[in-house]
Amino acid sequence: MSTTGASADPLAALGSLPGVAESVESVRKAVDRVYGHRVMRRRSGAVTSEAALRGARGSAALSGADWALEEVRRRSDFGVDGEARVMGASLRLTAEAGQLLSIWRQSPLRVLARLHLVAAASDGDEVGRPRHAGEPVDEPLIELPLPGADELAGRLEGLSELIIAGGSAPALVTAAVVHGELLALRPFTSHNGLVARAAERVVLIGSGLDPKSVCPAEVGHAELGRAAYLAALDGYASGTPDGMAAWITHCGKAVELGARESTAVCEALQRGAA
């Protein structure tokens, strides 16, 4: 991650990039609309459960398992082939994310290791730790240059320090940087996209922006499409002010679309149709 100059709070400095403040405000209004819905006062648990399912489906779609929502509901065996395993990993991560909030601010690297362990569901030596030099990475949809092990270690440590230090950055900015940095680094030998999106979810919940996890950004990322997702990620990886701003605002649009999805769920529950 690079910023536009030296700053005691580099994440907060990103909030001053063109268009970012407007995106932060637009996201806040979208989230407030969901939380203000009358259904949230009585059936927030149902909305959270549905958001989790739809978020898992969206994240899996971006990792190559683009299933219809009803197919996700219907299936119970997620270990028979590649796409099913991706979907199973996404569902497990979505369930796990909310259990790690108390650890995130003290030990984000521990949380990331746990997320990879949950996603991989394997006892292999490479699971739950950053990749070593020379280890291959199975992440075919992301074609950015792969940082070496030394660069990876330094940038992961820097990201961890920023999270532990806290600061005044809006939740959207922090979530977008965590998401983008993990995609750019691909710290594990597999499941990096799923882990990055789960970490984004952890930030959005833990920051208080979306404490009940009813605004699944993964839904929005999938709706905006893989091509737009990868193009915005290229902007993040460039480190330029315009590129960073484009990635953050892209993530903001994804949260807004996730909020819109859950607003529709609230409306359906109110009509008794879901």
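Where is Ala 121 found? I looked there to begin with. Ala 121 is in the loop between helix H7 (108-120) and H8. Helices here are DSSP runs of H or I with at least four residues, strands are runs of E with at least two, and both are numbered from the N terminus.

**Ground rules.** I noted that this is a predicted model, where local features need pLDDT of at least 70, side-chain atom pairs count only at pLDDT 80 or more, and totals for chains, interfaces and linings use all residues. Residues are numbered from 1 along each chain as its sequence is written, and side-chain values use heavy atoms, with hydrogens and water left out.

**Positive phi.** I went back to Ala 121. Its phi is positive, about 50°, although Ala 121 is not a glycine. Ala 121 counts as exposed because its relative accessibility is 54%. For these labels, buried means under 20% relative accessible area, exposed means over 50%, and partly exposed is in between (1.4 Å probe, protein chains only).

I then turned to His 191. His 191 sits in the loop between H9 and helix H10 (192-206). It is not a glycine, yet its phi is positive at about 60°. With 22% relative accessibility, His 191 counts as partly exposed.

I also checked Gly 225. This residue comes just after H11 and has a positive phi of about 100°.

**Helix H11.** Which residues are buried in helix H11 (residues 217-224)? I found Ala 217, Glu 218, Val 219, Gly 220 and His 221. The list is H3, H9, H10, H12 and helix H13 (241-271). Contact here means heavy atoms within 4.5 Å.

**H9 against H12.** I took this helix pair next. H9 and helix H12 (residues 226-238) pack at an angle of about 90°, and their axes are 10 Å apart. The axes are lines fitted to C-alpha atoms, for helices over the stretch in contact, and the angles run from 0 to 180 degrees between N-to-C directions. H9 and H12 are therefore roughly perpendicular to each other. The cut-offs are under 35 degrees for roughly parallel, over 145 for roughly antiparallel, 65 to 115 for roughly perpendicular, and oblique for the rest.

I listed the residues that make the contact. H9 gives Val 177, His 179, Gly 180, Glu 181, Leu 183 and Ala 184, while H12 gives Tyr 229, Leu 233 and Tyr 236. By class, the contact of H9 with H12 has 6 nonpolar, 2 polar and 1 charged residues. Ala, Val, Leu, Ile, Met, Phe, Trp, Tyr, Cys and Pro count as nonpolar, Asp, Glu, Lys and Arg as charged, and the others, Gly among them, as polar.

**H3 against H5.** Here I found an angle of about 135° between H3 and helix H5 (residues 82-97), with the axes 8 Å apart. H3 and H5 are therefore oblique to each other. From H3, the residues that meet H5 are Ala 52, Leu 53, Ala 56, Arg 57, Ser 59 and Ala 60. From H5, they are Val 86, Met 87, Ser 90, Leu 91 and Thr 94. I sorted the contact of H3 with H5 into 7 nonpolar, 3 polar and 1 charged.

**Glu 50.** I stayed with H3 for one more residue. Glu 50 is in helix H3 (residues 38-62). Is Glu 50 buried or exposed? Glu 50 counts as buried, because its relative accessibility is 15%. Not counting residues up to four places away in sequence, Glu 50 touches Leu 69, Arg 73 and Val 265.

**Cysteines.** How many disulfides does the count come to? I got 0 disulfides, a disulfide being a pair of cysteine sulfur atoms within 2.5 Å. Cys 251 is in none, and the nearest cysteine sulfur, that of Cys 215, is 15 Å away. Cys 266 is in none either, with the sulfur of Cys 215 nearest at 9.2 Å. Cys 251 counts as buried because its relative accessibility is 0%. Cys 266, at 0% relative accessibility, also counts as buried.

**Two distances.** I looked up Ser 168 in the loop between helix H8 (149-165) and helix H9 (171-185). Ser 168 counts as exposed because its relative accessibility is 60%. Leaving aside neighbours within four places in sequence, Ser 168 is in contact with Asp 9 and Ala 12. Ser 168 and Thr 240 are 72 residues apart in sequence and 21 Å apart in space, C-alpha to C-alpha.

My last entry is Asp 32, in helix H2 (residues 20-35). Asp 32 counts as partly exposed, at 41% relative accessibility. Asp 32 and Ala 259 are 227 residues apart along the chain, and their C-alpha atoms are separated by 9.0 Å.
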